[in-house]
Amino acid sequence: MAGNLKAWPAALKESKGWYDVDTREWKPDAADHSVLRATFDTLPDGYHLLVGRNADDLDAFTRKIEVALLLGVTLIFVLAGVASVSVTRRTVGRIEAINATSRSIMQSGLGKRIPLRGTRDEWDQLAENLNSMLDRVEALMAEVKQVSDNVAHDLRTPLTRMRGRLEKAYNRPHNSDYDHALIGDTMADLDAVLRMFYSLTRISQIETGDRTSAFGTVNLAEIASEVVELFDAAAEDKRVHLDAVVDRHVLVTGDRDLLFDAVANLVDNAIKYGGEAGRVTVEVARHDDSAVIAVVDDGPGIPDDECHHVFKRFYRLQRSRHTPGNGLGLSLVAAVARLHGARIEMVDNRPGLKCRLRFPSPAMA
Amino acid sequence: MLLAKTLRSSTFKLALIWIGIFGALVLALLSYVYLSTAAYVREKADRAIAAEETILRNVYDSAGRDGLIAAIKDRVARRTFRTRRLPARRSFLRSGGG
């Protein structure tokens with residue numbers, strides 16, 4: 001036996017091969033044990049040759065790599081966990097704000113809005129859109145409330161009047177002439193109420209129903225002439241000079257009946273509010289990219305600050321509250337204009353008012 | 001409250017799924033790096049040992065058993081002299097009888 005091993009490792013039984021030998025195999029009393037990586041072989045004369053080296057440094061090296069990789073993996077997982085929690089938390093926080101707002105809207109009404117963070121990100125955009133949707137809903141709700149209030153208010157007057165009249169007739173002896181007049185007045189009041197309901201349902205039909213399928217090519221000049229003809233007698237009663245100034249063919253795509261109603265309403269208003277012995281003109285003209293029909297009067301006009309309100313249902317100017325009417329005429333005009341994609345322009349005619357309906361891209365003649 | 005909602009949210013579950021997929025890939029990659037590094041280091045050591053054995057076998061072939069023993073003793077003496085601690089290489093010869 002030669003070399004620096006004190007004993008032959010017991011595990012080596014074969015004649016040749018590779019082996020990892022623990023030093024304790026031949027030095028059981030050694031305090032620190034290490035591993036020997038060795039190859040051994042049998043020489044031709046029966047002796048065994050073992051060549052090996054201490055593998056501790058190899059093990060230490062691989063253990064270092066092991067530790068580094070494990071630390072790296074752990075760090076990756078921890079970082080990923082923290083990142084996902086913080087990102088998710090932010091998202092959930094924004095959703096929670098929207099949830100809280102919608103809950104409080106369900107509980108206490110449409111006044112609440114989703115708070116913005118001013119980051120201009122997709123969450124702020126969502127919040128902004130939801131807020132403007134809420135604004136719109138709130139405005140519509142207010143409009144519905146106002147309309148129903150107005151309906152109630154406008155119904156009360158004629159109904160009270162009719163009830164008073166009937167009560168009077170009930171309490172006094174019958175007189176056929178008087179009763180006749182009374183029934184006539186009551187029927188007139190009822191007609192006014194029915195007209196109001198008719199106008200209301202018609203406006204909401206125009207606003208909600210899709211009538212564009214019934215559109216055809218309409219000559220505005222023809223409509224203007226017909227309206228002038230229709231209101232000739234009414235204008236004469238008020239000594240109003242009514243005429244039409246029209247280009248021969250001004251064609252638009254639209255619903256003939258609705259356009260007729262709209263122009264008729266405008267002319268009716270002009271005669272009614274334009275003042276005695278005034279002048280009302282219906283102008284129809286074709287421009288490059290639009291067709292215009294305008295009703296012009298020389299009456300008192302509409303104050304600037306009220307221009308936008310006159311298209312609301314039941315809105316009536318202060319000075320015309322005592323005249324007959326239900327405040328639905330211009331609402332109908334506005335609804336018809338919206339349906340046709342037309343723009344309504346109220347221009348001061350000095351004196352008087354010029355109400356223009358401007359239709360886009362007229363149909364070719 | 002918000003943390004509980006965060007942990008229950010679908011976004012977080014999605015994030016967990018991705019962490020799982022990503023983590024599995026990272027683990028696979030690093031395991032490969034580890035195994036191939038370890039194999040390379042071990043193979044290099046084995047090659048050095050094999051080279052040493054080849055030298056000793058050459059000594060045995062040319063100078064016989066006594067030459068080999070002398071070479072081993074010479075090596076052991078030099079190594080121990082050079083490094084105080086455990087010798088880097090051990091070679092030794094044992095009789096066939098055990």
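**Two helices side by side**

Tutor: Helix 3 and helix 7 of chain A cross in a left-handed way (the near helix is turned anticlockwise from the far one by less than a right angle; clockwise would be right-handed). The model is predicted, so local features need pLDDT of at least 70 and side-chain atom pairs count only at pLDDT 80 or more, while totals for chains, interfaces and linings use all residues. Residues are numbered from 1 along each chain as its sequence is written, and chains are lettered from A and ligands numbered from 1 in the order in which they are written.

Helix 3 covers residues 176–208 and helix 7 covers residues 329–340 (helices are DSSP runs of H or I, at least four residues, numbered from the N terminus). Their axes come within 9 Å and cross at roughly 15° (lines fitted to C-alpha atoms over the stretch in contact, with angles from 0 to 180 degrees between N-to-C directions). Helix 3 of chain A is therefore roughly parallel to helix 7 of chain A (angles under 35 degrees).

From helix 3, the contact uses Ser199(A), Arg202(A), Ile203(A), Ile206(A) and Glu207(A). Helix 7 supplies Ser331(A), Leu332(A), Ala335(A), Val336(A) and Leu339(A) (contact means C-beta atoms, placed from the backbone, within 7 Å). Sorted by class, six of these residues are nonpolar, two polar and two charged (Ala, Val, Leu, Ile, Met, Phe, Trp, Tyr, Cys and Pro are nonpolar, Asp, Glu, Lys and Arg charged, the others polar).

Note on methods:
Angles under 35 degrees count as roughly parallel, over 145 as roughly antiparallel, 65 to 115 as roughly perpendicular and the rest as oblique. Two residues are in contact if their C-beta atoms, placed from the backbone, lie within 7 Å.
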